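Please keep the sequence and the coordinates at hand while reading.

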Amino acid sequence: MTPDVTVTVIVHNDAARLPRAVASVRRQTHRNLEIVISDDHSTDETPSVARQLAAQDPRIRCIRLPENSGGCSAPRNRALEMARAPYLMFLDSDDELPANAAELLLAAHREREVDFTMGAVRRIRVDSGHRSTWMPHLVSERRTLEGIAADPRLLFEHLSTSKMYARAFLDRHDLRFPEGIHYEDQLFSAQAYCLARAFTIIPDPVYLWYIAPYATGDAASISNQRHKLSNVGDRVHVQRLIDDFLAESGHASLREDKDYKFLKHDFRMYAGDLPHRDEEWLRSFAGIVTPYLDTLAPAAYARLPRLERVVLQLVRDGRLPEAQLAALGLGHGVAPRRVTTDGTDGGTYWGDRIPASAEARRELDVTDLELDTRPFPSAQFRHEITEITRGRGASLDLAIRSYDPGLRLPPGPHRASVLLATGRRRLTVPFRLTPVRPGVFEGRARLDLSTAPIPLHGFAGTRHPLLRIEHQGLAHTGPLLAPLDFPSLSARIDYHSGAAPHRITVEPEGRGPGRLQIRWCPVGVTARVIRPVVRRVARPRVRRVARLVASALR
């Protein structure tokens, strides 16, 4: 019998996780499907595992590429060539499909003839188990679109794995994954969106995407290998291929939306990493991206938040150390250290000088941040730890410098606090900020982690302390940026007289905003006994029963 759906599972040196991925396909509520395991010439136990899986289920077939392609495209294309079903799905070996994914997407195809159907992607962090939906605003309701022009925002949802394609659609346009490059999904999906006469979106989860943000080396996903300059080059190369396709296929009107997507998503990922890169890397990075940035539509830049535009312009101008400074705390309402006002045009500009070119003045103009006028609780300051010293026990002595470029705080000392929440309670450490020059304040705070209010059942998680300033009965709270080069500090703390031992690690945030980061890991009896019991009791079904019993007793 011809299968209704072919699910391709691509794999390379992932013998440990391949069985989980394949099991998720075998569990599909729609049973009439085939599974093609496409091995990109693995050198571990993957070929043997694949054969064992095929022996367990006649729906499974295996292929192995004669040499490693180094990407996802070739194994997908080889599997596509041997697929027998009229509908196709793609799965990576480190991910899973929800049990009803094939059923839901196939039903949408049978409800109305479309070129592909797509659903929501559920992201799962492997370190914390936290779940979120990828681009939820794009898949929040069921709808059928007659072409990407109906909603160009969908260019942000560039995953090929969230979709079920009609084989006839792919063959009609000879649509295959581009081989020899990374970020192949972006080009493939852009082509599919533009070539499709119609496609249906459903809000149901159809893909489980496991995210390992702290994986390193070859274990990191391609998106998490942003430290490689080849990664930067691949991403820019794919953008140029998409631009060429849009022009050649008559979809040039989408260029601004596509440029905005690149700036807001692709470049933004690198921007958060800039403070963590060395000078040589920054120069090479700018050499790769700046020529491409100069080709993008000015209107795409205008759609970005102001501080993202600042980082982009500083990179384009070659002001790379300043770009690093601007990127530190990006997305968290962190102010510049200093701004300069032009007495001629009244504009307020990022940094210590007025930009030379008209383009730079337009992009570095931070007047719209209203640094000197916005309400105090939403004002923008910049709080930096200039020195961290380990004190007695589990205490930290923090030297803090706060920048007030809008001159919102009058001269004189100000009440401030470092805030640290663990569970439902909060540790508050008061100290004073004293002016050292206009717009700059300094102070020292001692943060004793042994006094953190840890729950009796322990606490496992990561926290980033905040800094609060009080002024005229109002309070402002903002992130506390850390030096990026201090060595991590570790200590064991026996909370609750030894009943709740934890291992605590203090470190600079490894990527993104660069805040001070503190991690709690329960150890001993807390980890072995107390927390497993609490997790069982905290299950939704147990909580519902407890509420019913309590209600009956009232």
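The numbered points below go through selected residues and strands in turn.

1. Basis of the note. This is a predicted model, in which local features need pLDDT of at least 70 and side-chain atom pairs count only at pLDDT 80 or more, while totals for chains, interfaces and linings use all residues. Residues are numbered from 1 along each chain as its sequence is written, and side-chain values use heavy atoms, with hydrogens and water left out.

2. Position of D40. D40 is found in the loop between β2 (33–39) and α2 (46–56); helices (H or I, at least four residues) and strands (E, at least two) are DSSP runs, numbered from the N terminus. D40 is buried and has no salt bridge, and the nearest side chain of opposite charge, R78, is 8.0 Å away. Buried means under 20% relative accessible area, exposed over 50%, and partly exposed in between (1.4 Å probe, protein chains only). A salt bridge is a side-chain nitrogen of Lys or Arg within 4 Å of a carboxyl oxygen of Asp or Glu. For charge, Lys and Arg count as positive and Asp and Glu as negative, with His and the chain ends not counted.

3. Surroundings of D40. The side chains of D40 and S69 are joined by a polar contact of 2.8 Å, and the side chain of D40 also reaches the backbone nitrogen of G70 at 3.4 Å. A polar contact is a pair of N or O atoms within 3.5 Å; within protein, one must be able to donate a hydrogen and the other to accept it, and residues adjacent in sequence count only if both atoms are side-chain atoms. Beyond its neighbours within four places in sequence, D40 is in contact (heavy atoms within 4.5 Å) with residues including V11, H12, L65 and P75.

4. Q52 lies in helix α2 and is called partly exposed because its relative accessible area is 46%. L80, in helix α3 (residues 73–82), counts as buried because its relative accessibility is 1%. Leaving aside neighbours within four places in sequence, L80 is in contact with L88, F90, R167, L170 and R176. The C-alpha atoms of L80 and F90 are separated by 9.6 Å.

5. R316. Not counting residues up to four places away in sequence, R316 touches T290, L293, D294, Y301 and E359.

6. The barrel. In the order β12-β13-β16-β15-β14-β18-β19, 7 strands close into a barrel with mixed pairing; two strands pair if DSSP finds at least two bridges between them. Strands β12 (residues 382–390) and β13 (residues 395–403) pair in the antiparallel sense over 8 bridges, and H383 stands opposite S402 in β13.

7. Strand β14. Of the 9 residues in β14 (residues 414–422), 7 are buried. β14 pairs in the antiparallel sense with β15 (residues 425–437) over 9 bridges, where A421 has R426 as its bridge partner. These two strands form a hairpin with 2 residues between them, and G423 in the turn has a positive phi of about 75 degrees. β14 also pairs in the antiparallel sense with β18 (residues 466–471) over 4 bridges; there, the bridge partner of S417 is R468.
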